[in-house]
Amino acid sequence: MAEKEETEAVGGGGEETELKKELESFVKTMLEEDDHGWFCNIFFPKETPVKIAEKEESEAAEGGGGGGKETELKKELESLVKTMLEEDDYGIEKTVEAIRILNRLNELKLKKPVGLGLDDSILSEMFKCYLSGEIMGDPVVLASGQTYDRPYIENWLNEGNLTCPRSKQVLSHSILTPNCLVQELISCWCKGSVIAVPESHQDVGGEMITKMDRILLNSLLGKMSSSRSDQKEAAKELRRLTKAKPSYRAVFCELPDAISRLLSPLSENRVELVPQLQEDLITTLLNLSIHDNNKKAVAENPVAVRLLIESMKFGTTETRKNAAAALFTLSALDSNKLIIGNSRAPEALLELLHGGHPLEMKDAASAILNLCMNDENKKQFIEIGAVEVILQKLKESILVDELLRILALLSTHVNAVEQLSEVDTVHCLLRIIRDSNSRRTKENCVAVLFAVCWSNKTMLKALWKEEMRKKTLAELADTGTRRARRKADGLIARMSKTFPTVRRTAT
């Protein structure tokens, strides 16, 4: 890639602002002119040999553009760039999408596919590491701004070299920063050229991480005790790294006081006062909790669960959703179920299930299901009103499959059976059995009915009356899962004994 862009890739906010201004000016010019030129000049320096491409462009320009499709693409690009200019965290996917649109515009200009706008031999040379001469698998940016393949530049640094191999510049530090844009471009080019994408050396087996990576993580955590702008920048990068690279998740908790340092900005302030910082840090915590070796360390940290609970109450929709998802992943560990259950998490999760955004509700339901695998937690959720909330959501046809799994679990407790002993419960569950296409959902419905009706003659009679008219259980006894058939047969036998007019109806 161009030296100028590689330098900017490790730059701060000022350089990003300048790049945005340059992009805005370029797109404005391109939208106003018919001959928008070669977009590759954004990514590659002017001295790059693109004579062949320029000649093709000149010839194609004489024949006219792509008409309506070109106008449509320009509008799409204009909208995309506007979003990139207005948002601080617009994501690599928007950059790649802009490249795709520019690529299509040039295809229309040339009346043929142009790939990334350069001859394959030229492009492949640009994607080769200066040290290895091979297409890069793990492009990383050195302090000089140059991009190299990770294993080769690491070897260079480990040999004691303190300069950039290409520019000979003395390095201010030896931290290597992943060049995600170059990696994305290489991947797109390889797929377009029908060749294998080079293997990423960093995450072979999902575990390999170097001393330099540890230094990078430690440096980013160090910024959590710095200025607010440093905290925001570091939090955004930690969120990205822990999402993209399993190796960063694996090694994170090996660093001294890593979790406490990560969450220190939220521990010192009301979490809702810094919404984007809160979202990035809570999402990083979610990413870390995915790795099994981190679950215990995160849950046992003195502030982590508390901050997840606060974040389910205050924050963006994404923050609340990810806080609930983090509790779900953490609760996969049995010892963590007790830790989370003994906090205020059950109340916060139930509140999110009751009145949250649909995406938040789904993650809250998943966390509640995991926690209810523990008997103490199950009792606690029943005491704080989980049965009533779930029944209401079922009547509204919200998260039916997920909530019935929880209700079937709760119905094994006597206190839940008492709360479910309403005639409306019978009608609701039988309706779901008839309407649902899910065999598992039908099974959970009849399991709840079995628990509620078996010893309650009033409920059994309500079930009997509807069964006489609809034959819902009779059909389930023939078509359901093994467990569903067993429960349905049991209920039919119970009704036959209690109300002798009921007989099994063959279907």
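Biologist: Are Glu279 and Arg239 buried or exposed?

Modeller: Start with the scale. Buried means under 20% relative accessible area, exposed means over 50%, and partly exposed lies in between (1.4 Å probe, protein chains only). Here Glu279 is buried, and Arg239 is buried as well. Keep in mind that this is a predicted model: local features need pLDDT of at least 70, side-chain atom pairs count only at pLDDT 80 or more, and totals for chains, interfaces and linings use all residues. Residues are numbered from 1 along each chain as its sequence is written, and side-chain values use heavy atoms, with hydrogens and water left out.

Biologist: How many salt bridges are there?

Modeller: Rule before number. A salt bridge is a side-chain nitrogen of Lys or Arg within 4 Å of a carboxyl oxygen of Asp or Glu. The count is 21 salt bridges.

Biologist: Which residue forms a salt bridge with Glu279?

Modeller: Look for the closest N and O atoms. For Glu279 the partner is Arg239, with those atoms 3.1 Å apart. Next, see where each residue sits. Helices (H or I, at least four residues) and strands (E, at least two) are DSSP runs, numbered from the N terminus. Glu279 is in helix H14 (residues 275-289) and Arg239 in helix H11, so the pair links distant parts of the chain, 40 residues apart. Glu279 and Arg239 also belong to a salt-bridge network with Lys236, Asp280 and Glu318.

Biologist: Which residue pairs with Glu360?

Modeller: Arg320 does, with the closest N and O atoms 2.8 Å apart. Glu360 is buried, at 1% relative accessible area.

Biologist: What does Lys223 form with Glu233?

Modeller: A salt bridge, with the closest N and O atoms 3.8 Å apart. Lys223 lies in the loop between helix H10 (211-222) and helix H11 (228-244), while Glu233 lies in H11, so the pair joins parts ten residues apart in sequence. Lys223 is partly exposed at 25%. Glu233 is partly exposed at 42%.

Biologist: In what order do the strands of the open sheet lie?

Modeller: Strands of a sheet pair through backbone hydrogen bonds, either parallel or antiparallel. Two strands pair if DSSP finds at least two bridges between them. Here three strands lie in the order E2-E1-E3, with antiparallel pairing. E2 (147-149) and E3 (177-178) are the edges; each has a single partner strand, so one side of each lacks a neighbour in the sheet.

Biologist: How many bridges join E1 to E3?

Modeller: Two bridges join E1 (residues 139-141) to E3. Val141 has Thr177 as its bridge partner in E3.
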